[in-house]
Amino acid sequence: MCGFIGAISNSIIDDSKFQDADKFLECRGPDDHKWMEKKLNKKKNLLFSFHRLSIIDLSENASQPMSSNKYKSEIMFNGEIYNYPSLRKEIEKSGEQFTTSHSDTETLLLGFSLKGKSFVNELEGQFSIAFVNSKNNTLTLFRDRLGQKPMYYSINKDGIVFSSNFKSILSYKKDLNLDIEQMTNFIELGIVPSPNTLDKDIFKLCPGELIEISLDDFTILEQYRYWQLEDFIDNKNFDEKEFFKLFHSAVKKRLISDVPVASLLSGGIDSTSILKSLTEINNEPVNTYSINNTDQKYDESYWSFLASNTFNSNHMFEIIDGNNLQINPVEVIKSFDEPYADPSIFPSNLVYRTISNNYKVAISGDGGDELIGGYEKIHQSINKGFISSKLIFILKKLIPSFFGTANNLEKFSNSPIGQYKSLTIDNRLLNVLSLNSQNTFENFLIKEDIPILKKLLIADYKFYLSELMMHKVDRTSMANSVEIRSPFLDHKLVEYVISSNLSFFEKSNPKKILKNYLKEDFDDEFLERKKMGFVFDLESWIFGNKDMILSEIDTINYLQIQKVKKLFKYKSRINSIRILKLFTLSVLINEYKSITD
């Protein structure tokens with residue numbers, strides 16, 4: 001993984017301003033730093049900066065930015081292309097000669113130079129790519145199918161700046177054009193959804209999107225989604241053998257590396273399934289990592305140690321204590337260039353920090369719940385209740401919004417979509433703050449007439465995974481210079497499941513297909529225990545730091561502090577998450593202001 005920023009302009013690019021913007025990318029690539037400054041067609045000024053985390057082809061020849069004199073093209077690329085060896089062989093068959101021994105970046109450079117932007121359809125991996133073609137005077141930006149890697153840009157008639165990081169672009173343009181509507185979206189959804197950001201002039205590519213820009217006049221020539229999950233909806237018979245063939249292939253591909261690879265292990269079904277597959281592929285001990293919790297109600301160390309012992313992994317762990325955090329929560333929040341307020345960011349940061357002491361690459365179980373419908377909210381939502389959604393709406397009005405989301409009441413609703421929404425977003429927090437919903441969540445619910453289970457799975461992919469989960473994984477891992485690879489996010493595996501009839505799914509037995517894979521290794525106590533999640537005692541920290549948190553929130557005029565104080569009256573986990581959300585928003589907006597002053 002890496003980080004980059006690029007600017008192309010009609011005007012002279014201010015080096016000092018560019019260097020200030022570049023500083024926000026250092027954590028994403030500490031191994032190498034390279035600049036490129038040149039004229040395009042003797043008219044446009046180009047300045048690129050790339051921070052490298054060296055994983056594939058560690059030689060200097062594989063550094064970025066990378067250019068092709070033959071094709072007059074340049075590329076910067078963040079991510080990993082798992083099928084680059086086969087793509088390289090195809091390109092070599094056409095007569096092209098490579099200057100590197102096995103660089104995936106050079107494979108992309110020549111692939112796009114030869115085949116154009118359609119080459120993106122051949123890529124397997126996670127990526128954000130910036131490709132300049134001086135022959136036709138265009139810049140094309142790409143983002144991977146499921147949104148694992150970020151791509152931000154800001155464009156005007158004088159030029160364009162693009163980056164792996166929102167703060168870099170904000171620093172470069174030196175002006176915060178705060179979007180109040182997107183602040184409200186964040187409070188309700190927990191994220192600012194693509195393509196928007198908290199700045200009206202900065203945008204991010206949507207997952208599976210490309211944008212081609214003319215470098216003649218900086219107009220957008222094309223912008224479209226080259227991949228959408230909805231295009232693969234079908235009702236084919238599900239074949240368990242084919243599923244595991246794709247799964248093991250996805251795990252094996254993510255071992256491609258010139259540096260050692262570790263694996264995250266919570267002891268849950270997803271990470272344990274990956275550990276078993278890794279052990280079968282390597283036939284040697286895997287290096288595993290987990291978080292242990294001092295609070296027993298959140299601690300899964302017994303299960304992670306059991307899984308580690310079963311497969312003889314080399315296991316390490318970090319301890320988290322909600323009463324005495326070993327990390328600075330404000331610094332963790334600031335490592336997110338856009339706001340995100342799930343409490344799992346703190347243990348995630350800890351485990352990646354631990355891994356970074358010895359490894360640059362780790363495999364994770366992210367995406368397993370989305371793939372096979374493992375979340376409790378999915379199972380609850382498809383179990384239709386007996387009370388009409390209209391009556392639920394009336395009953396919820398009788399419960400003060402500062403008491404919580406009222407989703408315990410929603411589980412009796414006869415509307416699966418209503419249940420799912422109440423378990424996914426928090427529009428009642430808007431009621432506490434006297435704000436109006438922007439209703440953008442509806443954009444993630446596809447309109448096609450398909451079975452409700454598949455509709456909710458796709459909503460999980462489009463919203464929860466791509467917009468929230470991948471945001472968290474990228475920022476917490478890259479803050480510690482660690483690349484995370486997720487086999488369950490292999491697009492071929494995802495396409496296969498969505499095109500099937502989902503016959504593997506059982507309402508009464510979540511994740512049955514993976515439990516069957518593990519049942520020869522573990523008993524029912526391990527396989528059937530309730531999912532805990534990657535959490536810790538957030539309540540202790542939030543309610544134990546009331547004055548500091550309120551003082552920070554009070555600096556944002558948009559949030560009325562007297563209304564925020566209501567959330568401290570009812571000391572629940574839901575309210576601790578709500579307060580964290582408002583605190584996060586305040587911390588980052590204040591940082592944005594300091595960046596642009």
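Is Glu 181 buried, partly exposed or exposed? I looked this up and found Glu 181 partly exposed, at a relative accessible area of 41%. I apply the labels as follows: buried is under 20% relative accessible area, exposed is over 50%, and partly exposed lies in between, with a 1.4 Å probe and protein chains only. Glu 181 belongs to helix H5 (residues 180-189). I also checked its separation from Val 192, 11 residues apart along the chain, and the C-alpha atoms are separated by 9.7 Å.

**Basis of the entries**

I note that this is a predicted model, in which local features need pLDDT of at least 70 and side-chain atom pairs count only at pLDDT 80 or more, while totals for chains, interfaces and linings use all residues. Residues are numbered from 1 along each chain as its sequence is written, and side-chain values use heavy atoms, with hydrogens and water left out.

**Overall form**

I recorded 24 helices and 17 strands in the protein. Both are DSSP runs numbered from the N terminus (helices are H or I with at least four residues, strands are E with at least two). The C-alpha trace spans about 70 × 60 × 50 Å along its principal axes. For 597 residues a compact globule would have a radius of gyration near 25 Å, and the 24 Å of the protein agrees with this. That radius is taken over C-alpha atoms, and the globule rule is 2.2 Å times the number of residues to the power 0.38. Of the 597 residues, 62% count as buried.

**Open sheet**

I traced an open sheet of 6 strands in the order E4-E5-E6-E7-E11-E12, with antiparallel pairing. Its edge strands are E4 (66-68) and E12 (220-225), each of which pairs on one side only. The twist averages 15° from one strand to the next. Here axes are lines fitted to C-alpha atoms (for helices over the stretch in contact), and angles run from 0 to 180 degrees between N-to-C directions. Two strands pair if DSSP finds at least two bridges between them. Within the sheet, strand E5 (residues 73-81) and strand E6 (residues 125-133) run antiparallel and are joined by 9 bridges. Glu 80 stands opposite Gln 126 in E6.

**Hairpins and the enclosed strand**

I then examined strand E2 (residues 32-40) and strand E3 (residues 44-52), which are antiparallel and joined by 9 bridges. Asp 32 has Arg 52 in E3 as its bridge partner. E2 and E3 form a hairpin with 3 residues between them, and Asn 41 in the turn has a positive phi of about 55°.

Why is strand E9 (residues 159-163) described as largely enclosed by the rest of the structure? The reason is that 5 of its 5 residues are buried. In a regular strand, side chains alternate between the two faces of the sheet. On one side of E9 I find Gly 159, Val 161 and Ser 163, on the other Ile 160 and Phe 162, and all are buried. Strand E1 (residues 2-9) pairs with E9 in the antiparallel sense over 5 bridges, and Ala 7 has Val 161 as its bridge partner. Strand E8 (residues 152-156) also pairs with E9 in the antiparallel sense over 5 bridges, with Ile 155 opposite Ile 160. E8 and E9 form a hairpin with 2 residues between them.

**Salt bridges**

I took a salt bridge as a side-chain nitrogen of Lys or Arg within 4 Å of a carboxyl oxygen of Asp or Glu. By this rule the count is 36.

- Lys 115 and Glu 122 meet at 3.1 Å, N to O; Lys 115 is partly exposed at 38%, and Glu 122 is partly exposed at 29%.
- Lys 117 and Glu 212 meet at 3.4 Å, N to O. This pair links distant parts of the chain, 95 residues apart: Lys 117 is in the loop between helix H3 (104-115) and E6, and Glu 212 is in strand E11 (residues 209-214). Lys 117 is partly exposed at 23%, whereas Glu 212 is buried at 10%.
- Arg 578 and Asp 426 meet at 2.7 Å, N to O. Arg 578 lies in helix H24 (residues 573-596) and Asp 426 in the loop between helix H15 (416-424) and helix H16 (428-432), so the pair ties together parts 152 residues apart in sequence. Arg 578 is buried at 1%, and Asp 426 is buried at 8%.

Salt bridges that share partners join Arg 28, Lys 149, Asp 337, Asp 474 and Arg 475 into one network.
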